[in-house]
Amino acid sequence: PDKIDWSKAASLGEQWYQRGGDKPASLPLSGKICHDDKFLYVELIDGLPAGENEAAPYLARLDTRTEEITFLELDRGSALPYLGGVLVHENGFIYVVSQAHLYQIDAESLEVLASVDLPAPNPATIYNGLVTGQTGELIIKSLSFASDETTLSLVDPDTLDVLFSTPCDCASPRLTLALDADGVEHRRQGRNARGQGGDREVRAHERGDRIDPRLIPRIDEVD
């Protein structure tokens, strides 16, 4: 952000390691940390010349018959470049969420038909879960790295309007839904398998966590 004075930032050191071990990182990494009296900001520097490590989100389609790959740049978002989500809806459209921006895409031409910015209460808000419920609405999960708050939002697939949002305890990087014996939709969230036995992880998936009860009645109300 422009109001941050990076000249006053503190260094995070010059020695960096690969995640989960003591092996030095392959890139010459360094970092800075500072705040603006409201949010904490971290800058990671990879040490490569400008332009040699550029990354931008995109959607790719592979034709399995010809092996031809078609790319669509997802350049309308402005939030953190974090992993988003994509699905093919039964209405024939592709939906993609990336950088707090939702796209409706034609499956044949890969043309963006409509797109909207999603609510981002702070610059560290990302959307990293996208599924569709029984009634066809999109269910999107957001996560704030600044506050650790997570939210489930219900979105109309035709207008891309956010119908409502509700807090949830769902910081897992992905979102899946399941039906119980009564036909009620539940959010399924497995635990991190690191340090846990396989049986424990299976039980966590089988048990699941029920979506906030307000979600199901609200879906019925908007039909």
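## Sheet β10 to β13

An open sheet is built from four strands in the order β10-β11-β12-β13, with antiparallel pairing; strands are DSSP runs of E of at least two residues, helices are runs of H or I of at least four residues, and both are numbered from the N terminus. Two strands count as paired if DSSP finds at least two bridges between them. The edges are β10 (125-132) and β13 (162-167), each of which pairs on one side only. On average, neighbouring strands of this sheet are turned by 25 degrees against each other, direction ignored; the axes are lines fitted to C-alpha atoms, for helices over the stretch in contact, and angles run from 0 to 180 degrees between N-to-C directions.

Within this sheet, strands β11 (residues 138-144) and β12 (residues 150-155) run antiparallel and are joined by six bridges. Leu143 faces Thr150 of β12 across this pairing. Strand β11 also contains Ser142, which is buried at a relative accessible area of 8%. Buried denotes under 20% relative accessible area, exposed over 50%, and partly exposed the range in between (1.4 Å probe, protein chains only). Leaving out residues up to four places away in sequence, Ser142 touches Thr125, Ile126, Tyr127, Glu149, Thr150 and Thr151, where contact means heavy atoms within 4.5 Å.

## Basis of the model

The model is predicted: local features need pLDDT of at least 70 and side-chain atom pairs count only at pLDDT 80 or more, whereas totals for chains, interfaces and linings use all residues. Residues are numbered from 1 along each chain as its sequence is written, and side-chain values use heavy atoms, with hydrogens and water left out.

The protein chain has two helices and 15 strands. Of its 223 residues, 34% count as buried. Among contacts in the protein chain with a separation of 6 or more, 38% involve residues 24 or more positions apart. The protein chain exposes about 14,200 Å², of which carbon and sulfur atoms supply 49%; accessible areas come from the Shrake-Rupley method with a 1.4 Å probe, and for residues only the protein chains shown count as cover.

## Sheet β6 to β9

Another open sheet has four strands in the order β6-β7-β8-β9, and the pairing is again antiparallel. Strands β6 and β9 (112-117) stand at the edges with a single partner strand each, so one side of each lacks a neighbour in the sheet. The twist from one strand to the next averages 15 degrees.

Strand β6 (residues 85-88) pairs in the antiparallel sense with β7 (residues 93-98) over four bridges, and Val86 stands opposite Val96 in β7. In a regular strand the side chains alternate between the two faces of the sheet. In β6, Gly85 and Leu87 form the covered face, while Val86 and Val88 form the uncovered one. On its way to β8 (residues 101-106), the pairing continues from β7 in the antiparallel sense over six bridges, with Val96 opposite Tyr103.

## Loops and positive phi

The hairpin of β6 and β7 has four residues between the strands, and Gly92 in the turn has a positive phi of about 100 degrees. Asn91 lies in this loop between β6 and β7 and counts as partly exposed because its relative accessibility is 31%. A polar atom of the Asn91 side chain lies 2.9 Å from the backbone nitrogen of Phe93. Beyond its neighbours within four places in sequence, Asn91 is in contact with Pro157 and Asp158. The C-alpha atoms of Asn91 and Pro157 are separated by 8.9 Å, although these residues are 66 residues apart along the chain.

Most residues other than glycine have a negative phi. Ala100, in the loop between β7 and β8, has a positive phi near 55 degrees and is buried at 5% relative accessible area. Leu160, in the loop between β12 and β13, has a positive phi near 65 degrees and is buried at 4% relative accessibility.

## Nonpolar cores

A nonpolar core is a set of buried Ala, Val, Leu, Ile, Met, Phe, Trp, Tyr and Cys residues joined through side-chain atoms within 4.5 Å. The largest has 13 residues, of which Val97, Leu102, Leu130, Leu138 and Ile140 touch the most other members. The elements giving two or more residues to this core are β7, β10 and β11. Apart from this core lies another, of nine residues, including Leu59, Leu72, Ile94 and Val96.

Leu102 touches, among others, Val96, Val97, Ala114, Leu138, Ile140 and Leu160, not counting residues up to four places away in sequence.

Methods. Polar contact = N/O pair within 3.5 Å; in protein donor to acceptor, adjacent residues only side chain to side chain.
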